[in-house]
Amino acid sequence: MRNTLCLTAALLALGAAPALADEAWVTDLGPVIYEDEIGEYAIFLHYDGAVAHRTYLRGLAGNFDNRGHFTGYWTEQENAGSRTPVCDVAIADENGNITHHWGRVEIDFLQPGFPGEWNARIGNCFEAPARIWNGRLDDSFDYSGFGPHEPATPKGH
Amino acid sequence: MRVKICTALAALAMTAAPAFGDAAWTSNLGPVVYDVDAGNAVVLMHFTPGSGAVRRTFLPGLAGNLGHRGTYSGYWVEGDDTVSSTPACDVSIIDAEGNVTAHWGRVEFVVVNDGLPSAWDAQIGNCFETPATSWSGRDNGDFDYEAFERRRNGSPK
């Protein structure tokens with residue numbers, strides 16, 4: 001079952017122990033949240049304007065005390081206004097959604113425990129991940145303001 | 001629309017001028033034939049040495065350029081319903097004909113000389129890994145298309 005921001009808000013309101021989506025980061029691509037888990041994949045979510053950008057990291061799901069290096073991929077929905085390149089080949093994400101807007105991700109957590117900061121590299125399509133994308137903790141993260149928004153700057157990746 | 005090997009046979013029977021459907025090569029992974037164009041991609045086909053599964057190699061940008069020297073990036077696929085020669089990748093891709101498979105890899109393909117059928121040198125890999133296994137094709141003017149087609153029809157499922 002998908003855990004959503006609504007669940008997060010409810011958990012936070014109840015003062016529950018750290019759980020999915022209790023983790024959020026400030027990055028140069030905007031705010032990012034730990035949105036969900038599917039199988040062994042953890043899913044990070046952020047928005048490029050109105051377009052949801054999800055990052056799928058294999059092996060991170062359920063891992064809150066032994067974090068290190070993980071690989072994965074990112075996707076943006078097909079026909080949703082993505083500003084990323086159209087790849088020659090489409091992929092199917094863990095939800096079964098098919099898209100030509102995707103790329104590879106390498107991520108290194110700076111601390112083994114929860115919550116943790118990370119340094120990642122991302123790329124488009126098959127290219128080796130090379131663009132720096134770093135996540136830093138943000139204790140004052142405004143979940144209520146998180147969501148689709150007007151595009152800010154031209155897409156760089 | 002798929003252009004079958006029989007099209008090549010018909011063309012040969014009519015002593016047509018060299019066309020993509022006539023092209024076949026001897027390679028270190030066994031005989032390879034040009035199968036079809038899928039959009040802007042040339043599709044090559046061969047049987048994998050281990051399992052005998054049908055492997056198809058998609059080379060975007062090569063359609064119409066097979067007789068011209070150049071370097072192209074692409075991918076190979078084997079059907080999820082076949083006895084694949086490789087482990088399933090973490091992520092499924094959708095090839096240019098709309099087939100979904102978790103058995104795929106990347107290809108770097110170099111057309112060595114101008115003219116048809118050109119020799120080629122390629123590097124192949126599994127899933128996202130950088131292509132590093134050599135795969136070379138050289139002209140095979142005595143190619144037995146009928147035997148190839150018989151094997152294709154009886155290839156393991």
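Select Trp25(B) first: it stands opposite Val32(B) in S2(B). This is a predicted model, in which local features need pLDDT of at least 70, side-chain atom pairs count only at pLDDT 80 or more, and totals for chains, interfaces and linings use all residues. Residues are numbered from 1 along each chain as its sequence is written, while chains are lettered from A and ligands numbered from 1 in the order in which they are written.

**Stop 1: chain B as a whole**

Colour chain B by secondary structure. Chain B has two helices and ten strands. Here helices (H or I, at least four residues) and strands (E, at least two) are DSSP runs, numbered from the N terminus. Trace chain B from the N terminus and the elements read α-β-β-β-β-β-β-β-β-β-β-α.

Now colour by burial. A residue is buried if 20 or more other C-beta atoms lie within 10 Å of its own, exposed if 12 or fewer, and partly exposed in between, with C-beta atoms placed from the backbone. Of the 157 residues in chain B, 37% are buried. For contacts, the test is C-beta atoms, placed from the backbone, within 7 Å. Take the chain B contacts between residues at least 6 apart in sequence: 43% of them join residues at least 24 apart.

**Stop 2: the barrel of chain B**

Select S1, S2, S3, S4, S5, S8, S9 and S10 of chain B. In that order they form a closed barrel of eight strands, with antiparallel pairing. Two strands count as paired if DSSP finds at least two bridges between them. From one strand to the next, the twist averages 35 degrees. That angle uses axes that are lines fitted to C-alpha atoms, for helices over the stretch in contact, and runs from 0 to 180 degrees between N-to-C directions.

Return to the opening pair. Strand S1 (residues 24-27) of chain B meets strand S2 (residues 32-38) of chain B through two bridges, in the antiparallel sense.

Next, select strand S8 (residues 103-111) of chain B. Seven of its nine residues are buried, so S8(B) is largely enclosed by the rest of the structure. Look at both of these pairings:

- Strand S5 (residues 70-78) of chain B pairs with S8(B) over nine bridges, antiparallel. Pick Gly74(B); its bridge partner in S8(B) is Val107(B).
- Strand S9 (residues 120-124) of chain B is joined to S8(B) by five bridges, also running antiparallel. Pick Phe109(B); its bridge partner in S9(B) is Ala122(B).

**Stop 3: where the chains meet**

Show both chains. The contact takes ten residues from chain A and twelve residues from chain B. On the chain A side, strand S6 (residues 90-92) gives the largest share, three residues. That side has seven nonpolar, no polar and three charged residues. In this count Ala, Val, Leu, Ile, Met, Phe, Trp, Tyr, Cys and Pro are nonpolar, Asp, Glu, Lys and Arg are charged, and the others, Gly among them, are polar.

Zoom in on S6(A). Three bridges join S6(A) to strand S6 (residues 92-94) of chain B, and the two run antiparallel. Ala92(A) has Ser92(B) as its bridge partner. Ala90(A) has Ile94(B).

**Stop 4: the nonpolar core**

A nonpolar core is a set of buried Ala, Val, Leu, Ile, Met, Phe, Trp, Tyr and Cys residues joined through C-beta atoms within 7 Å. The largest one has 60 residues, of which Leu57(A), Val42(B) and Tyr75(B) touch the most other members. Strand S3 (residues 41-48) of chain A supplies the largest share of this core, five residues.

Centre on Leu57(A). Leaving aside neighbours within four places in sequence, Leu57(A) is in contact with Tyr41(A), Ala42(A), Phe70(A), Gly72(A), Val105(A) and Ile107(A).

**Stop 5**

Most residues other than glycine have a negative phi, and most peptide bonds are trans.

- Pro115(A) is in the loop between strand S8 (101-109) and strand S9 (118-122) of chain A. The peptide bond from Phe114(A) to Pro115(A) is cis, with omega near -10 degrees.
- Asn79(A) is in the loop between strand S5 (69-76) and S6 of chain A. Its phi is near 55 degrees, a positive value. Asn79(A) counts as exposed, with 8 C-beta neighbours inside 10 Å.
- Cys125(A) lies in the loop between S9 and strand S10 (131-137) of chain A. Its phi is near 55 degrees, a positive value. Cys125(A) is partly exposed, with 17 other C-beta atoms within 10 Å.

Definitions and conventions
Two residues are in contact if their C-beta atoms, placed from the backbone, lie within 7 Å.
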